[in-house]
Amino acid sequence: MYSVLGLFHVNCISALVLFDFGATRSFESLALSKRFAESSGTLDCPLEFKSTDDLSVCASKVYRDCVLRMCGVRYLVGFVPIPLRRNKVIIGIDWLSPNGVVIDCE
């Protein structure tokens, strides 16, 4: 199940945010990660998956403690950079659960 909520700010950069309840991690586009001043870290175990374009992707970098600003509140998120078009972010269950997020679809 996916729910696109719109534009938010990640490290003061506007990004289209997609909340993905099936994703076990949070991701950001390579285009967005190139604009980050912070250096990236390395995942303990590289991620291998198929993208929506059926491309095999192996990701080993992570940008920890990125600031996601929603409704005036700052949240820290760790993003794995992957090939996505433009400034896009996928927020996964790794962030939703620990932050006690409730998305009301009423």
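## Strand pairing

Two strands are taken to pair if DSSP finds at least two bridges between them, and the helices (H or I, at least four residues) and strands (E, at least two) are themselves DSSP runs, numbered from the N terminus. The structure is a predicted model, in which local features need pLDDT of at least 70 and side-chain atom pairs count only at pLDDT 80 or more, while totals for chains, interfaces and linings use all residues. Residues are numbered from 1 along each chain as its sequence is written, and side-chain values use heavy atoms, with hydrogens and water left out.

Strand S7 (residues 88–91) pairs with strand S2 (residues 13–20) in the parallel sense, over four bridges, and here Lys88 of S7 stands opposite Leu16. S7 is also joined to strand S3 (residues 27–29), by two bridges and in the antiparallel sense, with Ile90 of S7 standing opposite Phe27. Elsewhere, strand S4 (residues 41–50) runs antiparallel to strand S5 (residues 56–70), and six bridges join them; Lys50 has Ser56 in S5 as its bridge partner.

## Burial and the nonpolar cores

Residues are called buried under 20% relative accessible area, exposed over 50% and partly exposed in between, using a 1.4 Å probe and protein chains only. By this criterion strand S4 is hardly covered, since one is the count of buried residues among its ten residues.

A nonpolar core is a set of buried Ala, Val, Leu, Ile, Met, Phe, Trp, Tyr and Cys residues joined through side-chain atoms within 4.5 Å. The largest such core has 18 residues, of which Val10, Phe19, Leu68, Val89, Ile91 and Trp95 touch the most other members. Strand S1 (2–10), S2, S5, strand S6 (73–82), S7 and helix H2 (93–96) are the elements that give two or more residues to this core. Apart from it lies another core, of eight residues, including Leu43, Ala59, Val62 and Ile90. In soluble globular proteins, nonpolar side chains tend to be buried together.

Taking contact as heavy atoms within 4.5 Å, and not counting residues up to four places away in sequence, Val10 touches Ala15, Leu32, Phe36, Cys66, Val67, Leu68, Phe79 and Val89.

## Aromatic pairs

Rings of Phe, Tyr and Trp (its six-membered ring) pair if their centres lie within 6.5 Å, and planes under 30 degrees apart count as stacked, over 60 as edge-to-face and the rest as tilted. A search of the whole structure finds three aromatic pairs. For Phe8 and Phe19, the ring centres are 6.5 Å apart and the planes stand at 90°, so this pair is edge-to-face. The pair links distant parts of the chain, with Phe8 in strand S1 and Phe19 in strand S2, eleven residues apart. Phe8 counts as buried at 13% relative accessibility, and Phe19 is buried with a relative accessible area of 2%.

Phe36 and Tyr63 form an edge-to-face pair because their ring centres are 5.6 Å apart and their planes are at 85°. Phe36 lies in the loop between helix H1 (30–33) and S4, and Tyr63 in strand S5, so the pair ties together parts that are 27 residues apart in sequence. Both Phe36 and Tyr63 are buried.

## Cysteines

With a disulfide defined as a pair of cysteine sulfur atoms within 2.5 Å, a search of the whole structure finds zero disulfides. Cys45 is in no disulfide, and the nearest cysteine sulfur, that of Cys58, is 8.9 Å away. Cys45 counts as exposed at 55% relative accessibility, and Cys58 is exposed with a relative accessible area of 53%.
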